[in-house]
Each structure stands twice: as structure tokens, then as C-alpha cells.
Amino acid sequence: MKLLKDILYKVSLSAVSGDTNVMVNQVHFDSRKVEMDDVFVAVRGTVTDGHNFIQKAVDSGARAIVCEELPELMVDGVTYLKVDDCNSALAIIASNYFDNPSRNLKLVGVTGTNGKTTVTTLLYNLFKKAGYKVGLISTIKVLVDDKEYKSTHTTPDVLTINNYLSEMNKVGVEFCFMEVSSHGIHQKRAEGLQFEGAIFTNLSHDHLDYHKTFAEYRDTKKKLFDGLPKTAFALVNIDDKNGLVMLQNTKAKKYTYALKSFADYRAQILEKQFNGQLLKVDENELWSKLIGDFNAYNLLAIYATANLLGLEKMETLRLMSELENVDGRFQYYISKDKITAIVDYAHTPDALKNVLVTINALRTGNENVITVVGCGGDRDKSKRPVMGHIASEMSNHAIFTSDNPRSESPAAIIEEMEAGVEPQNTRKVLSIENRKQAIKTACKLALSNDIILVAGKGHETYQETNGVRVEFDDFKEVKEALDSLNK
């Protein structure tokens, strides 16, 4: 139990009806979870409005209601608290409820279109190798030191975040690396948290179904940096033109990294192979198992962050040389017939292009590149023809297929991808709605030394259609298909 007035510390209240000097139990923004003496925060969501469920929460025993509009009927014994923004209020209340756990560790947020999962996961792995207790909040999973939890969102809700951070405090976690999505920033899920630093990786076409314009998407990301305290660091990729935008209003100490521009942290790619690449970082050479320019940026961000958090440079480079690929990020398998299959989460135009640029740079010229790709349903439709164009332009063969069609028609999504294919590339394209069959077809088309890219799902182990998820693992499917052909 907590004292209500204590968990309201720093919440801006415009009206109060009732007593704040009362004990409360849990905090919820889902009325279905409310029990006796709980606090209900009436958050306005994209689909439902919590204000419509205030009475239900009261009937379930809520002791306090936080809302933007006071209800006409107010029940005796219930405290009603009016605020301007329930999302912001919930963020502060959540931090207070769990005793502000972000203050007791060094929390680093990573934002950007691509690279968030790789950077956060590899930072977790690096600091674990360095002997620290570490936390991770990512798209793939949540780790409280060695204890693993399944992840449902890139950035969980504020109650869940603070609960995890509180668990990290209990086991003595010193550093936590957290993905911060644009949705999470817009919905104030990162408010109330004290960040030691924030990293900006890059910005490209994504989530315009939610943000409507690229400028809005960019400015939402920028809010993470705007909110940093002067004691924190802000680290940005300035080879991306939006990097300096992120730094415009921040109070934090500013640092930059780049492969092409003058920056505080710089790297150069000296050699590329399928099993890794040689980098020059701060005048020292680093061999990494991670390949591609996009991974060179990720590695540089990791190096800079480790340095800013106090790790010794040469020890950092040694530990970085031991880092492995993250599941579903340029994860590859070579069959007995010498066919290379690569599974990657690339689900944006920029990410797909980066992966194909990397693959094409490693070819000797005689191999065919066969790309299997789809676009998710109920998401940004404008990227579909762009994805179709990139796949068909940069591959010898492209197979368009399903990728979590959700409530949309898979055939209609594929048709929108086909609209981006140039006339000279139409002969390269096959459309196979069934993803399993599409992968099998790619494997049958491939000859020795050819390269198959299966893009879009990466680490995901399901396919979602009309609200139903069925088990589906791209890496497992392509490996089984290739092994079957070998037999």
C-alpha cells in the first residue's frame, strides 16, 4: 500500500475532489484490472478512452480516479484528480509508485528507425562481458540481469517499465539499455524516467500510419533529447541529417559519431567479408563478426556509449570483437550446396536497402540474390511500393509474400508492393501469398553460391492474420527448406 499524496508528487493537478491522504493499492490504466483501493488513470488511447470506464473502475473498488474531465457523478469516498494530460500523469505516478527506480541505475535510451534492438542488445552483452549486472528492455526481450521476460512492445507501458526497473534495483543492476520507440515517446512512456544518456541511430520512412508526416515522426523522436537533464549525454549519428536536429534544444552534453563526417567518434571500414568486417576505430583496428555499413554505425554507437559510461577503450574494443549477431539481424545459414540464406528484420525501405547494399557489396558477381519480402497489414501503406521497388531493383529475383497481414487482405498488400516495380524489373518478380511457400520457392530457385534474403520478420516467431497468431519462424523455415533440398 502507498499513500496517495506520495505517488502524486510532481503531478500537476488542476482540481481535486476528495482526500489525498489515503492509502491506495495498485495503479492501473486498464479498468478490467482494477480492484479494491486501486488508482485508475483514465488514459485516452488510440482505440478506447479510459474516461468511458471511470464508473466501471469505481464499481470495482477504485479509491482514486485520475482524469482529464471530471465525471458528472462523483461517488463519496472516491478521490477524483483532474490533470491536463493523463499520459504524463501516469508516467510520473508510475515512477513515484515504484520509488523512482531509474534514479538508482544508469539508464540509456536508444531511439531511431533502425538499429535500436542491435545497439541495446549488444550494449547489454558487452557490459555483461565486462562483469556488470545489466538490464535490457528491447523489442525482442526484457532482461533483468540474467532473468528473461517476453517482450510485447518495443517500449512497454510506463507501469511495466518501472516495474522492471524496480526489479533491476532489487538485484543490483548498474546499467540498463532501453529501446525508446516513437510511439512510446508520443504516449509519454519515457516521461518520469531519469536517463543517463540517449542515442540517436538514424531516421527514415516508418510509422507514418501513426505520425502522419515525417516531420511529426522526427519531432517526436527529438522529444527524448529535449527532456534530457544537463548531467546526461546525447549521442547522435551526424551522417544522418536529422542527427543535429536531435541536439538543438537538449541540455545534455552533446556527442556525435559518424563514418563519413567529422565527429567525436569516428570509424572507417577497412575490409568486408561474409564472416565479418575490419574496422578502424579511434586509430585502433577492430575485427567484428557483424557485417555491413549499418552494423559499422551500430558498433560505433556501442563503442562511444561504453566510453561515455566509463569503460576503458581497449577493453571495450576487445569485448566488441567477441560480440555476435542479434537474433533475426543479418542471421545467416550456409547449406551443404553452398547457398547462403540471410534472415533480417528489415521491414522499412531504408533497412531493406541497407541489407541489400551489404549483400551486393560482398558478391563476386556470379551469384544471384533472391529476396523474399512482404509488408505488414494495418501499417504505413505508403512504404509498400517503395519496398517493392527496392527488392526488385536490387535483387536478381524478388518474391513478394505475406508479412503479418493482420486485418488486411494479403493479396491487396502484395498488389500495392507490385505497384512500385519498374517495367524492366517485372520479369524478376514472383508473388506468392503463402510465406512458407514463398521461402520454399526461393530455395528451389537458388543454385550453389546464390544468396537468399528473407526480410521483414527477423526474430518474430509468428504470423498474424485477422487477430490470430500462428507459429512461424523465418530462420527455421529457410533452414529446413534448404536442408530438405540437400537430401
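Which residues in H4 meet which residues in H10? I opened the notebook with that.

**Ground rules**

I am working on a predicted model, where local features need pLDDT of at least 70, side-chain atom pairs count only at pLDDT 80 or more, and totals for chains, interfaces and linings use all residues. Residues are numbered from 1 along each chain as its sequence is written, and side-chain values use heavy atoms, with hydrogens and water left out.

**H4 and H10**

I listed the contacts (heavy atoms within 4.5 Å). From H4 come Thr 118, Val 119, Leu 122, Leu 123, Leu 126 and Phe 127. They meet Asn 295, Asn 298, Ala 301, Ile 302, Thr 305 and Ala 306 in H10. Helices (H or I, at least four residues) and strands (E, at least two) are DSSP runs, numbered from the N terminus. H4 spans residues 116–129.

I then looked up the geometry. The axes of H4 and H10 come within 10 Å and cross at roughly 45°. Axes here are lines fitted to C-alpha atoms, for helices over the stretch in contact, and angles run from 0 to 180 degrees between N-to-C directions. H4 and H10 are therefore oblique to each other. On this scale, angles under 35 degrees are roughly parallel, over 145 roughly antiparallel, 65 to 115 roughly perpendicular, and the rest oblique. The crossing of H4 and H10 is right-handed. That term applies if the near helix is turned clockwise from the far one by less than a right angle; anticlockwise is left-handed.

**Gly 115**

I stepped back to the loop between strand S8 (106–111) and H4, where Gly 115 sits. Gly 115 touches Thr 201 and Asn 298, leaving aside residues up to four places away in sequence. Asn 298 is also among the H10 residues that H4 meets. From Gly 115 to Lys 128 I read 20 Å, C-alpha to C-alpha, for 13 residues of sequence.

**Lys 221**

UniProt, in an unreviewed entry, annotates Lys 221 as "modified residue: N6-carboxylysine". Such annotations may be inferred rather than shown by experiment; positions are in the numbering used here and feature names are shortened. I found Lys 221 in helix H8 (residues 214–226). Is Lys 221 buried or exposed? Lys 221 is buried, at a relative accessible area of 1%. The cut-offs are under 20% for buried, over 50% for exposed, and partly exposed in between (1.4 Å probe, protein chains only). Beyond four places in sequence, Lys 221 touches Thr 111, Gly 112, Thr 113, Lys 116, Val 180, Ser 181, Ser 182, Ile 185, Leu 203 and Met 246.

**Two loop aspartates**

I checked Asp 19 in the loop between strand S2 (13–17) and strand S3 (23–24). Asp 19 counts as partly exposed, at 42% relative accessibility. Asp 19 touches Leu 4 and Thr 79, not counting residues up to four places away in sequence. Asp 30 is in the loop between strand S4 (27–28) and strand S5 (39–41). Asp 30 is buried, with a relative accessible area of 18%.

**Residues 328–458**

UniProt lists this range as "domain: Mur ligase C-terminal", again in an unreviewed entry. I get 34% helix and 20% strand over residues 328–458, with the end C-alpha atoms 4 Å apart.

H12 covers residues 349–362. Its 14 residues reach 20 Å from first C-alpha to last, close to the 20 Å expected at 1.5 Å a residue. The expected span is 1.5 Å times one less than the number of residues. Buried in H12 are Pro 349, Ala 351, Leu 352, Val 355, Leu 356, Thr 358, Ile 359 and Leu 362. These buried residues pack against strand S16 (265–273), helix H10 (293–308), strand S20 (340–344), strand S21 (369–373), helix H13 (384–394) and strand S24 (451–455).

I followed H13 to helix H14 (residues 410–418). Their axes come within 6 Å and cross at roughly 60°. H13 and H14 are therefore oblique, and the crossing is right-handed. Arg 384, Pro 385 and Gly 388 in H13 meet Ile 413, Glu 416 and Met 417 in H14.

**H16**

I ended on H16, which has 13 residues and reaches 18 Å, close to the 18 Å expected. Buried in H16 are Asp 474, Phe 475, Glu 477, Val 478, Ala 481 and Leu 482. The buried residues of H16 pack against strand S19 (331–334), S20, H15 and S24.
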